[in-house]
Amino acid sequence: MTDIKVIGIDNGLTNYGDKDFARFLRRTFARSMGLSQDMLNKPIIGIAVTPSDFNSCHRGMDDLADAVSRGVLAAGALPRVFPTISLGEVFLNPTSMMFRNLMAMDTEEMVRAQPMDAVVLIGGCDKTVPAQLMGAVSAGLPAVQLVTGPMMTGRHKGQRLGACTDCRGFWGKYRAEEIDKEEIQQVEGRLSVTTGTCAVMGTASTMACIAEVLGMSLPGTAAIPAVHSARLLAAEESGKAAVALLQNPLKPADIITRESVENAFRLIMALGGSTNAIVHLTAIAGRLGIKVSMDRLNQISDETPVLVDLKPVGEGYMEDFYNAGGVGAVLRELKHLLHLDTKCIDGSTLRQRLEDPIEWVDRKVIRCFEDPVSKVGGLIALEGNLAPKGAIFKRAAATESLFETEGRAVVFENLQDLANRIDSPDLDVNADDVLVLKNAGPKAAGMPEAGYLPIPKKLARAGVKDMVRISDARMSGTAFGTIVLHIAPETAAGGPLAAVRNGDRIRLSVANKKIELLVSEEEIKQRLEDITPVIQPKRGYSALYQRSVLQADEGCDFDFLIDTK
């Protein structure tokens, strides 16, 4: 633990060369907001908000900020709301991932630069929570993470619908001409029916659960639906918890440790969680110099069964998970595998939390350890000559009959090539081929969620539902399929993926955790020597991003932001 000196409004005075004048001037402008001297003498809790008309997941942000402020005031401190960048997943081009680091920098600098003694961070949509946690770790101020919560499900012809796993399922049916344009337009208006993040165990929900098990969110708050009254109560309690941190001095570095990070990786496995969570958790941990090896990741996965039956892996939705017992119920099943002395922002240890019995668990949604959905974890890391620094595979969402596959490569050089040719009737492709997408990694394209390559239309029409697909891209946490992702080094960094040509043989072995190009090392080396470098952006954030972004195995953070100790 580290000491926290409460400074309040005098924290980080603007530099005019005269501290007394700076204090006088700051209080003058604060008084113009209608704040009394008594209020200005209290500790200050910053509330980082991320509302935007381009972020539907954050539509309830104002209500959450009001509830946090209520909790702060009740605990005897002064709340101050301030904005940062908001990242709405589906409203950003080329991809929200490109702007995660920018939001992390914004969060870090605004927390550090403005007068506050602690901060509550309110986020939800996929990249906002990891960005806020990355920024909070680096800023070093006591922090509480509050998530916006998942949306509720809709209905279509008696079927429950939730963004965005069902988005993909229905779109697949439309591409295969199983449903018509009129029906897909009906579904469009029924998939996302309330504010909140995706209704399944996608990236947003996985990150919410990670924040809770890391100890950065209050226990029991990850899965509360966005429109539930308990979400506002959680916000109020988060405000109180931020004030309490001033008397119980815990900073993010005291809470996010190697042990809590391993607990978070283990929870991802049990949830059948998002592949994106591996990259984000790696980046958060990297800010503190914590690295979990691929071997350790696979050991955790092989020891940890999938216990949660939610889409995209299973059948349920996040509202079911909340009502079934949420993160607390899962942690109790994993108790014998967890590091129990990790701390939470409320001052308790994980051991203390799990000593209390849980009221009730719905075993249709959260299984017992002895009766899992799957006996092994949802995600694994792959190695091999095609991925010297690793790749990620979501075995919980893949087709088991494709786990041991050798197939012919059908190569797309980039995203435009994919868009131009994937549905061409002349595309030379069969169901047992391996679709390969290049130049979709962080340096080449910002690492978009393009790894969920569509099944070529002529195969979809013939009834093909899945095939092996590999790339240096990501895929949405709501997606499913036999898909190898995050290949590192990426194509644009000179990785072996750049050497793959049409007709090459590729072997996937889930049992051996390998992804291999069946071409000699000499031939791969020769091919790589002939690769043309990616054109570098000349200006702005794009240039900074491409120059500084690390590969997926290091969380795609910027090289100048990680802890290098």
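Modeller: The questions below concern a predicted model, and each answer sets a value against its criterion.

Colleague: What makes the pair of Y16 and F21 edge-to-face?

Modeller: A pair of aromatic rings is described by the distance of the centres and the angle of the planes. For Y16 and F21 the centres are 5.7 Å apart, and rings pair when their centres lie within 6.5 Å. The planes of Y16 and F21 stand at 75 degrees; an angle over 60 counts as edge-to-face, so the pair of Y16 and F21 is given that name. The structure holds 10 aromatic pairs. One aromatic cluster is formed by F99, Y541, Y545, F558 and F560.

Colleague: Why is Y16 called partly exposed, and why is F21 called partly exposed?

Modeller: The relative accessible area of Y16 is 47%, and that of F21 is 37%. Partly exposed covers the range between the 20% limit for buried and the 50% limit for exposed, so Y16 with its 47% is partly exposed, and F21 with its 37% is partly exposed as well.

Colleague: Is V292 buried or exposed?

Modeller: V292 has a relative accessibility of 18%. Buried means under 20%, so V292 counts as buried. V292 lies in the loop between α12 (276–286) and α13 (294–303). From V292 to A498 the separation is 206 residues in sequence and 27 Å in space, C-alpha to C-alpha.

Colleague: How do you know that the charged end of R168 sits over the ring of Y452?

Modeller: The charged end of R168 is 5.5 Å from the centre of the Y452 ring, and the distance criterion is within 6 Å. A second case is K173, which lies over the face of F170 at 5.0 Å from the ring centre.

Colleague: What makes β9 and β10 paired strands?

Modeller: Strands of a sheet pair through backbone hydrogen bonds, either parallel or antiparallel. The criterion is at least two bridges. Strand β9 (residues 404–412) is joined to β10 by four bridges, and the two run parallel; V411 stands opposite V436 in β10. Between β10 and β11 (residues 469–471) there are three bridges, in the parallel sense, with R469 in β11 as the bridge partner of L435. Strands β11 and β12 (residues 483–485) run parallel and are joined by two bridges, where V484 in β12 is the bridge partner of I470.

Colleague: What makes β7 and β14 the edge strands?

Modeller: The eight strands form an open sheet of mixed pairing, in the order β7-β8-β12-β11-β10-β9-β13-β14. Both β7 (379–382) and β14 (514–517) pair on one side only. From one strand to the next, the twist averages 25 degrees.

Colleague: How do you know that both faces of strand β10 are covered?

Modeller: In a regular strand the side chains alternate between the two faces of the sheet. In β10 (residues 434–437), V434 and V436 lie on one side and L435 and L437 on the other, and all are buried.

Colleague: Which element gives the most to the lining of the second largest pocket?

Modeller: That element is α1, with five residues. The second largest pocket holds about 410 Å³ of space. It is lined by 20 residues, of which I9, R26, M33, Q114 and P115 are the closest to its centre. The elements that give two or more residues to this lining are α1 (19–31) and β2 (78–83).

Conventions. Residues numbered from 1 in each chain as written. Predicted model: local features only at pLDDT ≥ 70, side-chain atom pairs only at ≥ 80, totals over all residues. Heavy atoms only, no water. Phe/Tyr/Trp six-rings, centres within 6.5 Å; stacked < 30°, edge-to-face > 60°. Buried < 20%, exposed > 50% of the residue type's maximum accessible area, 1.4 Å probe, protein only. Lys NZ or Arg CZ within 6 Å of the ring centre and 35° of its normal. Axes fitted to C-alpha atoms, helices over the stretch in contact; angles between N-to-C directions. 1 Å grid on protein atoms, 1.4 Å probe; cavity = no way out; pocket = protein on both sides within 12 Å on 5 of 7 lines; lining within 4 Å. Points joined across faces, edges and corners; volume = space filled by probe spheres on them.
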